[in-house]
Amino acid sequence: MGLGLLASRALRPAASRLLRYPPRHGLARAIGSTPERQSPEASAAQAQPDPAPELPPRKPVAGARVHLPNPEDAIEVFVDGYPVKIPKGMTVLQACEVAGVDIPRFCYHNRLSIAGNCRMCLVEVEKSPKPVASCAMPALPGMKIKTDTPIAKKAREGVMEFLLMNHPLDCPICDQGGECDLQDQSMAFGSDRGRFTEVKRSVVDKNLGPLVKTVMTRCIQCTRCVRFATEIAGVQDLGVLGRGSGEEIGTYVEKLMTSELSGNVIDICPVGALTSKPFAFKARNWELKGTETIDVTDAVGSNIRIDSRGPEVLRILPRLNEDINEEWISDKTRFCYDGLKRQRLNDPMIRGADGRFQAVSWHDALAMVGEVIHKVGPEEIVGVAGKLSDAESMMALKDFLNRMGSNNVMCEGNGKHPNADLRSGYIMNTGIAGLEKADVFLLVGTQPRVEAAMVNARIRKTVRATHAKVGYIGPPTDSNYDHEHLGTGPQTLTELAEGRHPFCSTLKNAKNPAIIVGAGLFEREDSDAIFSAIETIAKNGNVVRPDWNGYNVLLLHAAQAAALDLGLVPQSPDSIKSAKFVYLMGADDINLKDIPDDAFVVYQGHHGDQSVYRANVILPASAFSEKEGTYENTEGCIQQTLPAVPTVGDARDDWKIVRALSEVAGVQLPYDSVGGIRSRIWTVAPNLVSVDEREPTTFSTTTMRPNTNQKISPNDFGMAVENFYMTDAITRASKIMAQCSAMLLKK
Amino acid sequence: MAAILRGALKGIKEKGLGNFLRDLKEEGYLKCLADGNLLQTKLHNIGATLVGVDKFGNKYYERLGETQHGRHRWVEYAEKGRYNASQVPAEWHGWLHHITDHTGDELLMLKPKRYGAEHRENLSGEGEAYIYHSKGHALNPGQRDWTRYKSWEPAKTDSQ
């Protein structure tokens, strides 16, 4: 029909039309709006005589910067007549970006390999017979690129018409509506009409699991998702099947996408083919308020944007941070938000004589706690900070309990003998981005894929790019890059320390070896001995040098690093077993059986998770999405959360509760604002105040740590994280996370 | 006029003076003195056909012939003091407004038994007025819950 229609239009050069307009090039085209566009050759010839001589310099797109390693390799190309210097090997599209011209694209993504199959980025290059796909064409010296000529415009218009041919007119019911690349670019570069009158093709939707919703008829086969899955997520789940109009994206056999990064395909999909299942039909993107904050579900501190409407968090999206999470986030970060709406503590409660909780006023609850804390001896008071605590509240808790005479303040996950003396002994000294320089990795008792998915993505990126070797000591694990399983326990570690293991030579010959130690080892009884063995390995392998510090500890929780910086170290390791008053500040993963039966337990937190059942008094606090708090991630980068939504019920910020309690207990803390508490933190750990900065460590542990006389026990290393999707109070309350662990982990 | 007087005398003779006066009051003749509208209806009724009486006691009259067309059907409300148009039940409304020629008694048979609601007059301004309360109002029986979170329930978890 299409051809017939064209033919009939061509054969009908109505006399009236011929009279009204000067005769054009042969056929009257049915598409196109301006006369110049209809006859590219003529207008090109017309434009040639006077090329604009003085062009104002343009700014690069999105602040793109060019790094010229050696100036001899630089080449000069001309984009729309404007000369730019770029390094050899850049593509035409990148050259255009440096010149400040944004080329439309669908399949090209600067973190993925080049596919060149959407043809949207066609530009005109002088002396080239046809328009070239700029994303796949290397820029050559002296190339004259034209992005704004009638040929380029016509090429884009044609590509857009072909793309829209089989794209459903779904926009009013599509979740991508308003943030859709296809919508935007068809407005900017598309025609005002199409010539397609046939039936659109349809594709069966694929079931990719509980997180990603598919509407495959909307797919334009850019294959970004396929490339993301194979290159970055490291799972070979997605692929392209069929050819021509039968081409489909899918899993080859019916299966779910089992990657911890699968949510990112929602972001990179330029159309609405892959959208978020939990967010489906919940809101339009222009109704949402974005709050730029950080994630606390693991120790990476991924930069996120919380999108909320009113009091409700509706979705979480990644924010660009090249040093931490690039532009990806893990599924736990992205989809844990529905946990913020369930099982919330919203009223202060006191457990009555009958064992039932009764909602009371803040005044009564604080008065009761203030009364009880004076009835016990100072050494019987124990405070435990939870894994989601911010630095401010931990500072307040430590100050409060110190004023009560107790020094038994700890943070869960740091073990009984935390080594807080040297900062290099508990943070990732190389930095997350620095891992890309490493050429040999030694993972000791850590499974980065479940403990810190973004760090794992970085290791995978390095392994893919430089074929770095990875050695792993720990229980057998499912990893998404090639690794050598050296052993399962301390046995192998001793062999490595004594130089008997074949991997030792690999470490020695490496230029930048990196050792990554899991924070799960903190909990072991023989942690000191194990860490000194690891330090021996580091010394022998020359891992810590003035120019390279490859000794890394991969922490598990958002609060850990700040807790150690602030010195939340218990005076006596087993103080909790003899405690009479236990203050749990969001601590849900401690062993509740350790708390004596007659102890008075105060639980301050935002979720009714595990510890509330042991509590005598519950003080409701705000979650990370509702407060302003400072967190330090595993590489020692200080970041702050910002409140995106109001607190629920009668809940208050953590540090405010502790501050109020100190006043009721008669030992008033000397600060009553966030500024005040931060200046107090500054006196304890100055690095925690410089936000968005990473304070490098000054001393390395290898030379400073005292010798230990502990014996290494032969017990194998365990899994620090059993279930990737459920690690803290928020994720355990989340329904989506429960679905994920049921369907993807079969738990 | 003479006919009215004759009728009145006949009534007194039949019922006795006391009963006659009571009936006179109940029928609203005494109110006629102050309410010209009612008096006009009473005068109109003379010689008209009583078509029916609904369950509230409203009387429906019709007079064909010498009455102006469009004024040939009317109602005398049972309530003589505070009558208003909303006291006419649905089944008589059609007949009264010339929508149909079926009387209310005929239409009553079509009324659905299961879900046909009982007629209630409009009580606005009478103390029993229907007042709309918004979805979030405490007096709305179907009050919507605008809290967007579910709180932890201590009752079902008393394990200690």
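**Close-up 1. Strand β15(A) and its parallel partners.** In this predicted model, strand β15 (residues 381-385) of chain A pairs with strand β24 (residues 581-585) of chain A in the parallel sense, over five bridges. Two strands count as paired if DSSP finds at least two bridges between them, and the elements themselves are DSSP runs numbered from the N terminus: helices are H or I with at least four residues, strands are E with at least two. Across that pairing, A:Gly383 stands opposite A:Tyr583 in β24(A). β15(A) is also joined in parallel to strand β16 (residues 409-411) of chain A, here by three bridges, with A:Ala385 opposite A:Cys411. To get from β15(A) to β16(A), the chain goes through helix α12 (residues 391-403) of chain A, and this β-α-β crossover is right-handed (with the strands pointing away from the viewer, the path from the first strand over the helix to the second runs clockwise).

**Close-up 2. The two faces of β15(A).** In a regular strand the side chains alternate between the two faces of the sheet. Here A:Ile381, A:Gly383 and A:Ala385 point one way, while A:Val382 and A:Val384 point the other way. Five of the five residues of β15(A) are buried, where buried means under 20% relative accessible area, exposed over 50% and partly exposed in between, using a 1.4 Å probe and protein chains only.

**Close-up 3. An open three-stranded sheet in chain A.** The order is β10-β11-β12, and the pairing is antiparallel. β10 (289-294) and β12 (312-318) of chain A sit at the edges with a single partner strand each, so one side of each has no neighbour in the sheet. From one strand to the next, the twist averages 30° (axes are lines fitted to C-alpha atoms, for helices over the stretch in contact, and angles run from 0 to 180 degrees between N-to-C directions). Six bridges link strand β11 (residues 303-309) of chain A to β12(A), and A:Ile304 stands opposite A:Pro318.

Close-up 4. An α-helix has 3.6 residues a turn, so residues three or four places apart point the same way.

**Close-up 5. Two loop residues with positive phi.** Most residues other than glycine have a negative phi. A:Gln221 has a phi near 55° and sits in the loop between β6 (212-214) and α8 (224-233) of chain A. A:His467 has a positive phi of about 55°, in the loop between α14 (453-466) and β18 (469-473) of chain A. Which of these is buried, and which exposed? A:Gln221 is buried, with a relative accessible area of 16%, whereas A:His467 is exposed at 65%.

**Notes on the views.** Residues are numbered from 1 along each chain as its sequence is written, chains are lettered from A and ligands numbered from 1 in the order in which they are written. Because this is a predicted model, local features need pLDDT of at least 70 and side-chain atom pairs count only at pLDDT 80 or more, while totals for chains, interfaces and linings use all residues; side-chain values use heavy atoms, with hydrogens and water left out.
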